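Open the model in your viewer and keep the selection tool at hand. The tour goes one selection at a time.

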Amino acid sequence: MASEKNKGEVKMKKLLLSLLVMLLAVTTVFAGGAAEAAEEDGGLIRVGIINNDPNESGYRTANDNDMKAMFTEENGYDASFFYSLRNDEQIAAAQNFIQNEVDYLLISAAGTAGWDSVLQDAQNAGIYVILFDRTIDADESLYVASIVSDMALEGETAVNWLASQGLDEYNIIHIQGVMGSAAQIGRTGALDEMVAANDNWNLVTQQTAEWNAETAQQIVQSVIDAGTPFNVIYAENDDMARGAVAALDRANISHGVDGDVIIMGFDTNKWALEELLAGRWNYDGQCNPFQAAYIDEIIKNLEQGIQPTEKVIYLEERGFDAATITAEDVEKYGI
Amino acid sequence: MKEIANKKSGLKTATQLMRKQIFIPIAALLILVLFNLIADPSFFQINYAKNSAGDPVLSGYLITILDNASELAILAIGMTLVTAASGGQDISVGAAIAISGSVVLRVLCGDNPRPEEMQASILTAFLVSCLVSMLFGAFNGTLVAYFNIQPMIATLILYTAGRSIAAWINNNRLPIISDPVFGYFGTFIPGIPIPTPIFIAAACMIIIALVLKFTTLGLYTQAVGINPNSAKLNGINPQLIKFITYVIMGLCVAVAGFIKVTRFSTINYSVVAADIEMDAILAVALGGNALSGGRFSMVSSILGAYVIQFLTTTLFKFNVSSSALPAYKAIVVIVLVIISAPTVREKLSKFWKRIQTSRIRKEAA
């Protein structure tokens, strides 16, 4: 028995040792990469880009691809990328970039807090900080610009579109995203206001499906089973709209253009725009992941000594209507 | 005298029933049924109608519950075995479902995320995903059984990395399968009005029932869970048994993952089966199984899974506001878990016995 246990311990130690070796190897590779980046500099603008994990969502994947396509050597950039969904790892990476003396630091922060000191360090080192996609709770003077989506405006655009449909009565199933996320707050806010202001706007139900298609399906199924009438589904992203539509199809309720129920989604996934094009959905609101062009313009201006006129730059975002969407729109805006 | 004897036997069955593990999930189910019956009897109504494709389908709250609890019930099978043998839980099942679902889609799609035709048969895709899931199960099992790592820590690795691995498998793209046949497994087979996942779950239950009846798996698992050393002295290899339970868990994950991807013929790596590991562990706990391993009741765990879905659907039905939903669920869960804890159950049944005997004594006097 005892020897068995000893054997186990030895095995355990071996495992730990090999893990340690692996870890060391990985860190050396990373450190090597950073050192390499510091060496080469041929008149290129050196940028350090800190982003969230590209696997997080279709939005993030499109965002990352856009950044990678813009910050290339052909466009005059020497870019290093770092990905993490954790704030502390991102901050450590920012510190690393500062030590390697990049010219610009581009950050899409995982969390809003804790960035003050590292941004101060960047400023002291003469590095320009540009925030993209997400804001940070830090003094405005610590960054040159922040390029973000106006989630509240996305909601407003969508709700105004719905109001323009001129229905006699709006009985809305409202499916929310993860409670407290910026997208949920912005997209919920506009609808809540409209419902409070108009007597003919009612929320049949308002529930969170946490971005999950299956939960959305269950919520809509529950309303159908209860026999409550409704004529609008306002889902805060495309996946949840898809789930809702699956429940409608199961109950043989028509939807989309000329259907009984108006379907609204967000995020302009390509497949969602195709649903719009086919007339099965009615509206899809854009959440623009393409920030690289804006950042490029700011950097090119800064290189000539022109400061951006505004601190917070909102991305241009559209809402697509099934009645007017074209195949080109699907190709161009679908992510 | 006879009356007292009758009462005594009545008391005996009542206490026995209370002591039985299955009492808790059944009681929880009955409470939920009663609550819904009083609040709105239409909860139990089942409708028969055509869907938009013109096929007949059954719908209603009960069907929703049975349909949507399928994955959880299947996972509860694996989780019960893992818990019994290793005295710990596999927290990687949600991430593992993302992987197995991603494998199914990868095999069917090949390099093109939106194929006109499927590149392989659905059976092949399913079998490959079974193999991959069992490999990941074997990975967890090796860490737990042979390296003696705490199950929660061992499975934490896959829990953290799983969804990224799932995304890699498909090169970060979100494949969509347009062939309607693929969707039959997660929705309805034309002409059959009962959702297919219900059949799949039932098949899994029958298989595990047969396995537990005709093999020594159940016995060995419990023996290892109660005391690995004495099991070893009796000629059972505890490491192998623990390992096997994790491989079986992998198989359950593959089936659940297959249902998940066929529901919408696509996948979303970050949200598919989110937090399902917690519900699966909860199902085992609600079934009155000790989370520290040892004896288990498979039927109770599976019933526990249906209790969880029953609760979720009930909360949707009563339109509980989004922000309050987790709080309601938490309260119900706390109550259920406390009364289903073995120690509390023992005390309750003792308490019940005391009341009854004192009453009988009084009446006799």
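What percentage of the 335 residues in chain A do buried residues make up? The share is 43%. Bear in mind throughout that this is a predicted model.

**Chain A as a whole**

Select chain A and colour it by secondary structure. Its elements come to 11 helices and 12 strands. Now consider contacts within chain A between residues at least 6 apart in sequence: 74% of them join residues at least 24 apart.

**Two helices of chain A**

Next, select residues 213-226 of chain A, which form helix α7, and residues 238-250 of chain A, which form helix α8. Their axes come within 7 Å and cross at roughly 40°. Because of that angle, α7(A) counts as oblique to α8(A). The crossing of the two, α7(A) and α8(A), is right-handed.

Show the side chains where they meet. From α7(A), the contact includes A213(A), E214(A), V220(A) and I224(A). From α8(A), the residues include D239(A), M240(A), R242(A) and L248(A). By class, the contact of α7(A) with α8(A) has 9 nonpolar, 3 polar and 3 charged residues.

**A loop residue in chain A**

Move to D267(A), in the loop between β9 (262-266) and α9 (270-277) of chain A. Its phi is near 105°, which is positive, and D267(A) is not a glycine. Is D267(A) buried or exposed? D267(A) is buried, because 23 other C-beta atoms lie within 10 Å.

**Where the chains touch**

Show both chains. Their contact takes 35 residues from chain A and 32 residues from chain B. To look at the chain B side, select β1 (47-50), β2 (56-59), α3 (61-68), α7 (151-169), α12 (238-264) and α14 (298-317) of chain B; each supplies at least two residues of the side that touches chain A. That side of chain B divides into 12 nonpolar, 16 polar and 4 charged residues.

**Helix α4 of chain B**

How many of the 17 residues of α4(B) are buried? The count is 17 of 17. After α4(B) comes G87(B), with a positive phi near 65°.

Within helix α4 of chain B, pick A84(B). A84(B) counts as buried because it has 30 C-beta neighbours inside 10 Å. Leaving aside neighbours within four places in sequence, A84(B) is in contact with T221(B), Q222(B), G225(B), G293(B), G294(B) and F296(B).

**Last stops in chain B**

Select S265(B), in the loop between α12 and α13 of chain B. S265(B) has a positive phi of about 60°, although it is not a glycine. S265(B) is partly exposed, because 19 other C-beta atoms lie within 10 Å and a buried residue needs 20 or more.

Finally, select helix α13 (residues 276-286) and helix α15 (residues 325-340) of chain B. They pack at an angle of about 40°, with axes 9 Å apart, so α13(B) is oblique to α15(B). Here L282(B), A285(B) and L286(B) of α13(B) meet V333(B), L336(B), V337(B) and S340(B) of α15(B). The contact of α13(B) with α15(B) has 6 nonpolar, 1 polar and no charged residues.

Notes: Residues are numbered from 1 along each chain as its sequence is written. Chains are lettered from A and ligands numbered from 1 in the order in which they are written. This is a predicted model: local features need pLDDT of at least 70, side-chain atom pairs count only at pLDDT 80 or more; totals for chains, interfaces and linings use all residues. Axes are lines fitted to C-alpha atoms, for helices over the stretch in contact, and angles run from 0 to 180 degrees between N-to-C directions. Helices (H or I, at least four residues) and strands (E, at least two) are DSSP runs, numbered from the N terminus. Angles under 35 degrees count as roughly parallel, over 145 as roughly antiparallel, 65 to 115 as roughly perpendicular and the rest as oblique. A crossing is left-handed if the near helix is turned anticlockwise from the far one by less than a right angle, and right-handed if clockwise. Two residues are in contact if their C-beta atoms, placed from the backbone, lie within 7 Å. Ala, Val, Leu, Ile, Met, Phe, Trp, Tyr, Cys and Pro count as nonpolar, Asp, Glu, Lys and Arg as charged, and the others, Gly among them, as polar. A residue is buried if 20 or more other C-beta atoms lie within 10 Å of its own, exposed if 12 or fewer, and partly exposed in between; C-beta atoms are placed from the backbone.
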